[in-house]
Amino acid sequence: MFHFLCKSILHHGRYAAALSSAHRLFSFQHSPSIITLRFFISTLENPNKQSFAASYLIIKFGFSPESALSASKHLNFKTPDNPDLVIHMFQHYGLSQEQIFKLVKKFPRVLSCKPEKTLLPKLKFFHSKGMSGNDIAHILCAHPCILNRSLENQIILNFNFLVSLLESNDKTIAAVKRYSPILYHKTDIYLKPCVDILEEYGVPQKHIASLVYRSPRSVMMSPNHLRRIVETVREIGCDPLKPHFTTAVMVMGLLSKSGWERRLGVYKSWGWSEEDVLAAFIKEPWCMMTSDDKIMAVMDFLVNNMDCEPSFIAKNPYLLKPGLKTTFIPRASVAQFLLSKQLIKTRPNLVTLFLCSEKLFLKKFVNCFDEAPQLLKMYNVKLNL
């Protein structure tokens, strides 16, 4: 196909100089389609910066002609030199071809960035802090607008603020990967005021650091909104000194009012009062983030298969965390077998049975019996199901 393109280009004598550009374009793509070749030829017949950029996007990155023409309106290169340098720079810092494709598909304008002025300083900084190519790709693909933000006045200041709080480059990188805007919004708009509010309510710094590490989005909201959430969580009865306080703040920040009301209705359908729900929330805030379907499935299993009272679950909301197929059914099958063979006299405590570690479960309910091989086989079959 490339030879066909060459002949077509040479047929237009005044475009023969474009042959080297064509070679560089198609060397990145193994098998350009007839549509792509024709589009490139039409580009040569109607030269302008948009049509060349569109050809580049189609040939190197698989854009459709329509999306390429739309994206090319914001690109300002007439030769492959600048975009090729951008690609090379990303490759130098460890991004794979697939990751570069993903970034360009999401943010075509990156190909018009000035590599030495815009990209290199940021890539050098990320690399110097211990970010791998995968880390950089994850951050840029999630929020490519970070490339347009000030390195000195935003990115470096935010990174240093996070390091001072989290006391680790690795933890800071992990937090940034979870929510990249934390790295480029000015600290005095969201991050610092939100941290100050939590400190004002007596939340220990290590718990604040844990919140920022686990859910950086929680400190990237309007400070006034965070204050209302913190006040609500405290009024419910959560102690700011306890680790669950920041978890409750995180859940309240993620859950809409309608979502809270819907979840409340699901629990009430099993006989819980609103006071039961709030008490469960104080013990295990994540119970309000459990999906409606999972709540219904777990409650049905525990109440109807394990003869468990709904009130017991309300007092032990941690029981809503394990998976039905990965924990409840396999472990319940083992307990039922032990009871049927009279290897145990009474049903095990459900908290112990379902919440203990895998290692402790096997030690306590499988390996200590002569029937261990049969129990283990049954257990594994249920797990595989």
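## A buried arginine

R331 has a relative accessible area of 4%, so it counts as buried, the cut-off being under 20%. Keep in mind that this is a predicted model. R331 is part of helix α20, and its side chain gets to within 2.9 Å of the backbone oxygen of C356.

What else is R331 in contact with, once neighbours within four places in sequence are set aside? The list runs L353, F354, L355, C356, S357, E358, F361 and Y379. Two of those names, F361 and Y379, come back in the next section as a ring pair.

## Aromatic pairs

The model has 12 aromatic pairs. Take F301 and F328: their rings are tilted, with 6.0 Å from centre to centre and 50° between the planes. F301 sits in helix α18 (residues 292–304) and F328 in helix α20 (residues 324–340), so this pair ties together parts that are 27 residues apart in sequence. Both F301 and F328 are buried.

F361 and Y379 make another tilted pair, at 5.1 Å between centres and 40° between planes. Here F361 belongs to helix α22 (residues 358–365) and Y379 to helix α23 (residues 372–384), so the pair links parts that are 18 residues apart in sequence.

## Charges over Y213

Which residues put a charge over the ring of Y213? R178 has its charged end over that ring, 4.6 Å from the centre. K171 lies over the face of Y213 as well, at 5.9 Å from the ring centre.

## The nonpolar core

The largest nonpolar core holds 118 residues. Within that core, the residues touching the most other members are F90, V110, L111, L302 and F354. Helix α4 (residues 49–61) gives the most to this core, contributing seven residues.

V110 is a handy one to click on. Skipping its neighbours within four places in sequence, V110 is in contact with V86, F90, V104, L119 and L147.

Key: Residues numbered from 1 in each chain as written. Predicted model: local features only at pLDDT ≥ 70, side-chain atom pairs only at ≥ 80, totals over all residues. Heavy atoms only, no water. Phe/Tyr/Trp six-rings, centres within 6.5 Å; stacked < 30°, edge-to-face > 60°. Helix = DSSP H or I, 4+ residues; strand = E, 2+ residues; numbered from the N terminus. Buried < 20%, exposed > 50% of the residue type's maximum accessible area, 1.4 Å probe, protein only. Lys NZ or Arg CZ within 6 Å of the ring centre and 35° of its normal. Core = buried A, V, L, I, M, F, W, Y, C linked by side-chain atoms within 4.5 Å. Contact = heavy atoms within 4.5 Å. Polar contact = N/O pair within 3.5 Å; in protein donor to acceptor, adjacent residues only side chain to side chain.
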